[in-house]
Amino acid sequence: MLLIPCPWCGGRNDSEFVAGGETFIERPAHDVSDAQWGQYLYFRRNTMGAQAERWFHAMGCRRWFNVLRDTVTHAITETSPMGAPLKAKQ
Amino acid sequence: MRYSLLALARNALSGHAHWPRAWRAAELKRSYDVIIVGGGGHGLATAYYLAKNHGVRNIAVLERGPIGLGNTGRNTTVVRSNYLWDDSAALYEHSLKLWEGLSRELNYNTMFSQRGVMNLAFTRHELVEMERRCGALLLNGVDCELLTPAEVRRWLPLLASGESSRYPVLGALVQRRGGTARHDAVAWGYARAASALGVDIVEHCALTGFRIEGGRVAGVETTRGHSAAARIGVVTAGHSSVVMQMAGVRLPIQSFPLQALVSEPIKPVLHTVVMAGLVHVYLSQSDKGELVIGAARDSYVSYAQRGSFHIIEEQLRGLLELFPIFSRLRMMRQWAGIVDVTPDASPIIGRTPVRDLWINAGWGTGGFKATPGSGFVFAHTLANNEPHPLIRNFGLDRFVSGRLIDEAAAAGVAH
């Protein structure tokens, strides 16, 4: 069970949230190649260790935000509102 | 040593103290024709069929820990082949046919039991989807039946399925040739048979990197030294992204925990595999008497082999909704395995951007059932340096072309 520190509501149970996967993925321009579009659409880092991801507080404030979470220890070290970067280096 | 009634009797007389090791403890040699990274069921099956069907003898299987402690020992042992799309049906049906002769082929009792797999429908929509799937299966030559609510009740009297229940059952899709197998025995059986054909099974040997020269893979670096190979197959479910990153290859895969539970053993009460999509749970009873209960996967990426408690809470809620009789049953063990999930819930088997480096990954929540078929087609692929006809459409290139094999929608709960 994760305790997720929502930047708006504070620490809440992970059953209130929806995991949105890797964050900071930039949508490419429309004229990119199929290979680049495929990369954007399907390919993920799937990091073992500290991963930058987005979560949605579906049963709370219903806002998206960024989280830095370790995928081995599940420790959450940082959050930031959508659109703002995480301080730790990716 | 061949296992037989005579061998059993002879060893019984000496108090079962002299059974030989099932497979050789091998040291890593400096060079091989083929190296398989990953000693789970799929990797061991690949090595076995490479040696048996293609005459390749100089093979190593590298396993980070001991054989059978990864996902092979963590699944819920369900075997079936009732997939919607033609490509999947052909691949999984090939696998099911191999299951049907596997114990004899390996001279090892895999306890494969064709007790039937029953998918329950609770809504009109589920029922319509099942009718569609059943039609597609019959066209593909895969056995399949639709049951009426009365037939479901007759087959499964334990089920709370009547008009008064919260989720009345509207029908079911049944594959009678489906069932369960003993997961450990599958790994051990393939390991033993492959070892007897000369395959080196190197346990406690973790990969640390690949040797890549001029865009072509030349060998592996491991915790037990380096080894050269003409061809390398990566079969490391749960860690595919981590391993392929060592070769500089990114995959369309995310890894999630998938949890399961086992109850205390009870007398035989459940004679088939039951899967429910809407009331999300699936279960079967092992020959030892334990209920083996599976659930939904957790929603976040993890390599920790543990998941959130609310997932198993929901799973048990589903179980009791359908089978109130189990309300006082105690659970003995709970665990999670890490499943590599692709965007279309179909596996990736084929080339990688690195020449002579092949991948077999992304089986998601349902890889166990495919163990023999996956090994069979991947062995053919490695032996011929060309994808087996059954996996022509399962390559990485589908995530560029967009020709997905979207079983994600078709799977429901069922794995």
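The crossing of helices α2(B) and α10(B) is right-handed, a crossing being right-handed if the near helix is turned clockwise from the far one by less than a right angle, and left-handed if anticlockwise. Helices (H or I, at least four residues) and strands (E, at least two) are DSSP runs, numbered from the N terminus. The model is predicted: local features need pLDDT of at least 70 and side-chain atom pairs pLDDT 80 or more, while totals for chains, interfaces and linings use all residues. Residues are numbered from 1 along each chain as its sequence is written, chains are lettered from A and ligands numbered from 1 in the order in which they are written, and side-chain values use heavy atoms, without hydrogens and water.

Helix α2 (residues 41-54) of chain B packs against helix α10 (residues 371-384) of chain B at about 55 degrees, with the axes 7 Å apart. Axes are lines fitted to C-alpha atoms, for helices over the stretch in contact, and angles run from 0 to 180 degrees between N-to-C directions. That angle makes α2(B) oblique to α10(B); angles under 35 degrees count as roughly parallel, over 145 as roughly antiparallel, 65 to 115 as roughly perpendicular and the rest as oblique. Residues of α2(B) in the contact (heavy atoms within 4.5 Å) include B:His42, B:Tyr49 and B:Leu50. Among those they meet in α10(B) are B:Pro372, B:Phe376 and B:Leu382.

Eight strands of chain B form an open sheet with mixed pairing, in the order β5-β6-β4-β13-β14-β15-β12-β16. Two strands pair if DSSP finds at least two bridges between them. β5 (145-147) and β16 (331-341) of chain B stand at the edges with a single partner strand each, so one side of each lacks a neighbour in the sheet. The twist averages 20 degrees from one strand to the next. Strands β4 (residues 117-121) and β13 (residues 273-276) of chain B run parallel, joined by four bridges. In this pair, B:Val117 stands opposite B:Val273. Helix α5 (residues 124-139) of chain B packs on the sheet and touches β4, β5 and β6 (171-175) of chain B.

Strands β17 (residues 348-351) and β18 (residues 357-361) of chain B pair in the antiparallel sense. They form a hairpin with five residues between them. B:Asp356 in the turn has a positive phi of about 65 degrees.

Chains B and A bury about 2,100 Å² between them, 57% of it on carbon and sulfur atoms. Buried area is the accessible area (1.4 Å probe) that two parts lose on being put together, summed over both. In chain B, B:Arg250, B:Tyr300 and B:Tyr303 lose the most area to chain A.
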